[in-house]
Amino acid sequence: MISRRAVLSGTTGLGAAVLLSGCDREGSRVLTSSDTHPSDYPTVQAVNEMGRLLETRTGGRLRIHVYAGGQLGAERDTLEITTFGGLDMNRVNLAPLTAIEPMTVIPSLPFLFRSTAHMRQALDGPVGQAILDSLRPHGMVGLCFYDSGERSFYNTKRPIQTPADLKGLKIRVQNSDLFVTMVKALGADATPMDVGEVYQALVQGVIDGAENNQPSYFTGRHFEAAPFYSLSRHVMAPEILVMSMARWEKLSPADRDLVQQTARESVPFMRTLWDKRVEDATAKLLAGGVKVNEIADIAAFSDLMRPVWDRFVTSPEQKRLVAEIQAMGDSAGTQGVPG
Ligand code: GTR
């Protein structure tokens with residue numbers, strides 16, 4: 001982990017951007033934000049859109065600058081910087097937050113959502129709001145969730161049809177105990193690693209595979225080294241946009257409303273880009289020779305992952321929200337909810 005002292009003394013290589021975060025320039029306030037994805041990725045585009053809305057509505061007084069492509073570091077590191085206010089905003093996956101706040105485990109549970117519609121319904125309502133709010137004691141204001149599709153396994157060796165096919169494979173996971181436990185439950189060897197290191201690790205055989213949605217699998221060129229993509233669709237852990245509490249507290253109440261409102265408005269914008277990106281990535285992956293396979297017996301995977309729920313959903317508040325999500329009436333689903 002990068003320490004506050006290291007960042008402030010400039011020894012992390014993070015650059016002046018972080019150190020200058022929140023500075024006023026001629027009455028204009030630039031909110032800095034980080035993203036590990038490149039600038040054309042839907043998450044980056046969505047935060048840029050939020051910035052455009054903010055700029056228009058404040059006559060240029062509030063703006064956002066997104067440092068894309070992982071310029072400021074891996075998600076767990078930039079999150080730490082966000083919590084102490086070295087960075088104003090951050091777009092990350094929920095996975096690295098699961099180590100910080102148990103409520104964020106909920107949307108990251110395997111086979112919880114039955115479909116994209118079910119996930120959106122849950123995260124757009126009071127359940128999603130409760131999870132966003134749970135970050136406040138950790139120095140962050142949860143502004144909104146963005147889609148991240150369905151994560152599936154890919155590897156260099158073979159199509160995965162049953163959990164037995166994963167046995168002995170070294171599978172990269174995000175830096176999250178929840179994800180380590182999920183992959184271990186299937187019998188694979190879980191290897192936590194920053195996403196920026198995955199391509200090299202696949203090429204060098206340090207790992208045999210990983211799991212992610214199609215856009216990330218394509219954007220990171222992972223498919224070139226690991227051409228077997230097996231549609232386990234085991235988790236729909238969403239993306240989240242947070243603001244550092246330090247920055248939030250410096251905003252006037254009216255600006256807070258504006259920031260919250262523009263973040264919310266960037267969600268449908270992102271979803272339109274996202275749906276298209278999944279479609280495009282899927283087509284390009286097929287054209288690139290990737291071997292995609294459906295898995296006939298998904299229950300074999302969800303049954304093995306069921307103990308993960310018991311281990312990570314322990315508090316009455318978590319249980320209540322999980323039950324609320326399960327009770328939501330979406331019939332368009334394709335995923336089976338275990339138990
Ligand atoms: C992507 C997600 C990133 C990051 C990455 C990973 O789907 O958008 O924020 O979490 O997965 O696997 O590290």
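Which residues in H7 meet which residues in H13?

## Helices H7 and H13

This is a predicted model. In H7, the residues in question are Leu178, Thr181, Met182 and Ala185. They meet Leu304, Met305, Pro307, Val308, Arg311 and Phe312 in H13. By class, this contact divides into 8 nonpolar residues, 1 polar and 1 charged.

H7 covers residues 177-185, and H13 covers residues 299-312. Their axes lie 8 Å apart and pack at an angle of about 150°. Angles over 145 degrees count as roughly antiparallel, so H7 and H13 are roughly antiparallel to each other. H7 passes H13 in a right-handed crossing.

## Helices H3 and H12

H3 spans residues 42-57 and H12 spans residues 253-287. The two axes come within 8 Å and cross at roughly 145°. This crossing is right-handed.

On the H3 side, the contact residues include Pro42, Ala46, Met50, Leu53 and Arg57. On the H12 side, Leu258, Phe269, Met270, Trp274 and Arg277 are among them. The contact of H3 with H12 has 12 nonpolar, 4 polar and 4 charged residues.

## The ligand shell

Where do the residues around the ligand come from? The shell draws at least three residues from domain 1 (4-147 + 237-267) and at least three from domain 2 (151-236 + 281-327).

The residues around the ligand are Thr36, Glu75, Val92, Asn93, Ala95, Ser148, Gln174, Val195, Asn212, Asn213, Ser216 and Glu239. By class, this shell has 7 polar residues, 3 nonpolar and 2 charged.

Conventions. Residues numbered from 1 in each chain as written. Predicted model: local features only at pLDDT ≥ 70, side-chain atom pairs only at ≥ 80, totals over all residues. Near = placed C-beta within 6 Å. Nonpolar A, V, L, I, M, F, W, Y, C, P; charged D, E, K, R; others polar. Domains from an automatic or database assignment. Axes fitted to C-alpha atoms, helices over the stretch in contact; angles between N-to-C directions. Helix = DSSP H or I, 4+ residues; strand = E, 2+ residues; numbered from the N terminus. Parallel < 35°, antiparallel > 145°, perpendicular 65-115°, else oblique. Left-handed = near helix turned anticlockwise from the far one by under 90°. Contact = placed C-beta atoms within 7 Å.
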